[in-house]
Protein chains: 2
Amino acid sequence: LIGGSIGMAVRQRALARRVLGVGRNRERLEAARELGAIDAWETELAAGVRGADGIVICTPVESIVGQVREIAAACPPTAWITDAGSIKGEICRALEVDGLAGRFVGSHPMAGSEKTGAQHGQADLFEDRVTIVTPTAGSPKPLVEQVESFWRELGSRVFRMSPEEHDEVVARTSHLPHLAASVVASATPAAWLPFTAGGWADTTRVAAGDVELWRQILVGNRGQVVQAIDEFTAVLAEVRRSLAGGDPGGLIEVLQAGKRNRDALGN
Amino acid sequence: LIGGSIGMAVRQRALARRVLGVGRNRERLEAARELGAIDAWETELAAGVRGADGIVICTPVESIVGQVREIAAACPPTAWITDAGSIKGEICRALEVDGLAGRFVGSHPMAGSEKTGAQHGQADLFEDRVTIVTPTAGSPKPLVEQVESFWRELGSRVFRMSPEEHDEVVARTSHLPHLAASVVASATPAAWLPFTAGGWADTTRVAAGDVELWRQILVGNRGQVVQAIDEFTAVLAEVRRSLAGGDPGGLIEVLQAGKRNRDALGN
């Protein structure tokens, strides 16, 4: 989804002479080409990046470090390398240790959905959406600027954070909501699905996301996710005390704070 | 929202000669009339129901019992009375004790949204949606059938349950999801709202709902809601153990079960 959308956006905005897709599955690559997401494709990573000016890795988070190593050894030394992974700390730390901070800067475009595959791609997926770019102490300024201007050219609003700050934020804005959705969906007896309405459907929508992708994200950010679970559980326990104790004050406070934040976001 | 939508649906389908809206706010009642939700309006409950064939109470749940008492004393003895409240046990028990089981049968149309007001009403709000009707031991069969056929005529799929079974089910399919959404929304620092994406927006959508309406629903069903919170918390604690202990088995099971249920529902 993310790779296909990047390809569509780059081609539609004519930001590159040529968009080359690299993957393992020839049929899916050919389908992406027919959809207009890429100009051509390769199944060998080294061959795919040999002439690249810039490279965006859109694979599950556990593959990213290994791929950056392989790409950095095969692409021109002037090419910028970034990713689109939902976690940043583990990845950026490992690459800094490898001495690759001069080649790679992490990115997280906060777009996407529970769907996967280039057939769900959209050229405007990044328009007016936030992309967080996460330089480290060793990141060269021109490299960071190249990566940031790439996302800006796709229409994204770019914010800069450290990889650790990024992981702290997304644990609360993305990973915990995903877990809450999954737990609600998993805890509902299947026989009662006919008795759900829009509330259940909205609240659980992201639980349809790919299990393996989400396992990698949640495990990769487990320190922050466990903290976010503890914060969530403490608030829910306060709501429970309020309900069980017959004093609605605690419940009302949470409903009000939740409404305030949700209204502030808009639709 | 519910009352306005019922009025629109009844008028569009010509199910009644006249739809009369009863409320306190003249401006809102007149706006509902201009929207085509009602033919006329009254601000006095007794005057409004005097000539009614059937009455649907669409007020916050804590007002329903008192209104049924008032309506039963003022409307023709042949008129059926139902409601659209999200909880049923407390209401149906109280009215049975009052000896009003022969006049009132509870209903819960599982439609609606975080929005309120007739201006958000839709004549097709109940089409293909579930309405749960909750007779008690004292409910006369013809009365139950009248109420059920009313919802069917609005396009609803009607299910029959006891008030207690209804409250057990909706605690899991509606009240717990609402609380999960509110807690996620309330626990997110407002400064981090720019770093939310579609997942947060979907998962927290219902948290924008009216605080006082939801306080009444959650307090009114507190026994079942507390049980649902405990079930939810136990699953989340298992996920936490799985993440903190470095054994992803428990996490994967929850992600898989959640995806299975969410996929089974469809969009």
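**Reading helix packing, symmetry and salt bridges**

Tutor: In this predicted model, Asp167(A), Glu168(A), Ala171(A), Arg172(A), His175(A), Leu176(A) and Leu179(A) of α7(A) are in contact with Gln224(A), Val225(A), Gln227(A), Ala228(A), Ile229(A), Glu231(A) and Phe232(A) of α10(A). By class, the residues of this contact are seven nonpolar, three polar and four charged.

Student: At what angle do the axes of α7(A) and α10(A) cross?

Tutor: A pair of packed helices is described by the angle and the distance between their axes. Here helix α7 (residues 163–187) of chain A and helix α10 (residues 222–244) of chain A cross at roughly 65°, and their axes come within 9 Å.

Student: Is the crossing of α7(A) and α10(A) left-handed or right-handed?

Tutor: The crossing of α7(A) with α10(A) is right-handed.

Student: What rotation superposes chain A on chain B?

Tutor: Two copies of a chain are related by a rotation about an axis and a shift along that axis. For chain A and chain B, the rotation is 180° with 0.0 Å of shift along its axis, and the RMSD is 0.0 Å. That is the relation of a two-fold axis. Both copies use the same surface, since 100% of the contact residues of chain A recur in chain B.

Student: Which residue of chain A comes closest to the rotation axis?

Tutor: That residue is Thr203(A), with its C-alpha at 1.9 Å from the axis.

Student: What area is buried between chain A and chain B?

Tutor: The size of an interface is often given as the accessible area lost when the parts come together. Between chain A and chain B about 7,000 Å² is buried, and carbon and sulfur atoms give 75% of this area. The contact takes 73 residues from chain A and 73 residues from chain B. On the chain A side, Phe195(A), Leu243(A) and Arg262(A) lose the most area to chain B, together 11% of what that side buries.

Student: How many salt bridges are found across the interface of chain A and chain B?

Tutor: Side chains of opposite charge can pair when their charged atoms come close. Across this interface there are four salt bridges, and over all chains the count comes to 36. Arg240(A) forms a salt bridge with Asp230(B), with the closest N and O atoms 2.6 Å apart.

Student: Where do Arg33(A) and Glu30(A) lie?

Tutor: Both are in helix α2 (residues 26–34) of chain A, three residues apart, about one turn of the helix. Arg33(A) and Glu30(A) form a salt bridge, their closest N and O atoms being 2.6 Å apart.

Methods. Residues are numbered from 1 along each chain as its sequence is written. Chains are lettered from A and ligands numbered from 1 in the order in which they are written. This is a predicted model: local features need pLDDT of at least 70, side-chain atom pairs count only at pLDDT 80 or more; totals for chains, interfaces and linings use all residues. Side-chain values use heavy atoms; hydrogens and water are left out. Axes are lines fitted to C-alpha atoms, for helices over the stretch in contact, and angles run from 0 to 180 degrees between N-to-C directions. Helices (H or I, at least four residues) and strands (E, at least two) are DSSP runs, numbered from the N terminus. A crossing is left-handed if the near helix is turned anticlockwise from the far one by less than a right angle, and right-handed if clockwise. Contact means heavy atoms within 4.5 Å. Ala, Val, Leu, Ile, Met, Phe, Trp, Tyr, Cys and Pro count as nonpolar, Asp, Glu, Lys and Arg as charged, and the others, Gly among them, as polar. Copies are superposed by least squares on the C-alpha atoms of residues with pLDDT of at least 70 in both. Buried area is the accessible area (1.4 Å probe) that two parts lose on being put together, summed over both. A salt bridge is a side-chain nitrogen of Lys or Arg within 4 Å of a carboxyl oxygen of Asp or Glu.
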